[in-house]
Amino acid sequence: MADADRWADRFIEAALEPHLWRDVLGEMADATGSAHGQLIGFGPGAAAFNWVSGVDEAMLVSAGAMNLVTPDVNFRVAADRVGNGAPIVHEAHYDDVRDTLRGDDYLDLCSDLDIPHGCQTRLLVDKGSMIGLALLRGERDGRSSIEQRDLFARLAAHAGAAVRMQRAIELQGFALLAGTFEAMDKACWLVDGSGRVGGMTPAADRLLADTRLTLKDGRLGTMRADEARRIARALYTVLTPPAQLPDPVPLPDDEGGVAILLEIFPLPRRAWDLPFAPRAIITARLGTPTDRQARALIGTFHLTRAEADIALRIASGATRPAIAAARGVSTETLKAQIRSLYEKTGCNRESQLVRIVTLLGG
């Protein structure tokens, strides 16, 4: 088998079985006389990832937490932006920007990992996100040669084809999952690693047409800025490792009840998935008129009319001070009423009460 065919096959294998990426990146590094191979993604929120062969993942996580991916601290990012369109950015470009950095944090990291040299290229640029391939070289490896960069460019062509293939495969997951939910006529949005909606059911599409829910730049929100922020925060909780289940996001109606309850659930993921696979499901449950919800609470849990009203206001997202002011009671009186309604409903968290209110309404 020709060498070019061998490399094409190896990268395609990684696209089909993503856990092989680390091995292929290591082979690329060996072939070019480099310490490490890297596949890295930059983008909004959880779309960012950083896969490096032969490096302790804990160090990469630590580096990510230090936010060393901005052009004012990272000479590789800065060089990519001022590389004048060069297909391969390398040490000469790094030299041009090192003096412009505002700090030594990334330089210190490169010293600790022994990766002062190398070269890089872009494989995929899409919607504000970028996936790149790089060689990271140590002092013993020296600066990359023209021959090594030429080989890297040839391998990058195969890597780019593999990334596009894996992207296409992962995007198919949206169609498959959306088709599954269509049969239940449930309002669901499927979200990728950047927080953008990649697919939705017909019921979800109808909600976008009939309610204040919006889809702007691929992101689910509402016409109210505070609600959009709450949805974004809940998504961040799900999409940022380690994924956690956030509290539901209630959208109040005009009477202080819950018009729509949004719940966000993480989907299982593989460690070496790109950001294009479905990562979360947002579901919507419609509320019902406030008076019916109040009657259901009173009848089911034997709440007083005041306690039922407080429960509805809490479920709509109102703050404790706002509820006290609306009801004309002191904060101490409100606390006592909330303790009573929690005891009667068996709740100990507001999110549990929100679910009860909405379920009784549905």
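**Salt bridges and surroundings in a predicted model**

R102 is exposed, at a relative accessible area of 63%, whereas D72 is partly exposed, at 30%. Keep in mind that this is a predicted model. In total, the structure holds 16 salt bridges.

A second pair is R196 with D217, where the closest N and O atoms are 3.4 Å apart. The loop between β6 (188-191) and β7 (197-200) carries R196, and the loop between β8 (213-216) and β9 (219-222) carries D217, so parts 21 residues apart in sequence are tied together. Is R196 buried or exposed? R196 counts as buried because its relative accessibility is 10%, and the cut-off for buried is under 20%.

Next, helix α11, which spans residues 305-315. Here D309 forms a salt bridge with R313, the closest N and O atoms being 2.8 Å apart. These two residues are four apart in the helix, so about one helical turn separates D309 from R313. As a reminder, an α-helix has 3.6 residues a turn, so residues three or four places apart point the same way. Both ends of the pair are partly exposed: D309 at 21% and R313 at 27%. Buried residues of α11 include E307, I310, L312 and I314. After α11 comes G317, with a positive phi near 95°.

There is also a salt-bridge network, which links R10, E13 and E27.

D104, D105, D108 and D112 form a negative patch. Of these, D104 lies in the loop between α5 (91-97) and α6 (105-113), and D104 is partly exposed, at 48% relative accessible area.

M165 belongs to helix α7, residues 146-182, and is partly exposed at 31% relative accessibility. Which residues does M165 touch, not counting those up to four places away in sequence? They are I12, A15 and L16. M165 and I12 are 153 residues apart in sequence, but their C-alpha atoms are 7.8 Å apart in space. For D253 and R229, 24 residues apart along the chain, the C-alpha separation is 18 Å. D253 is in the loop between β10 (249-252) and β11 (258-266).

Technical notes. Residues are numbered from 1 along each chain as its sequence is written. This is a predicted model: local features need pLDDT of at least 70, side-chain atom pairs count only at pLDDT 80 or more; totals for chains, interfaces and linings use all residues. Side-chain values use heavy atoms; hydrogens and water are left out. Buried means under 20% relative accessible area, exposed over 50%, partly exposed in between (1.4 Å probe, protein chains only). Contact means heavy atoms within 4.5 Å. Patches are made of residues with over 30% relative accessible area and no salt bridge: like charges are joined within 9 Å, nonpolar side chains (Val, Leu, Ile, Met, Phe, Trp, Tyr) within 5 Å. Accessible areas come from the Shrake-Rupley method with a 1.4 Å probe; for residues, only the protein chains shown count as cover. A salt bridge is a side-chain nitrogen of Lys or Arg within 4 Å of a carboxyl oxygen of Asp or Glu. Lys and Arg count as positive and Asp and Glu as negative; His and the chain ends are not counted. The place of a charge is taken as NZ of Lys, CZ of Arg, CG of Asp or CD of Glu.
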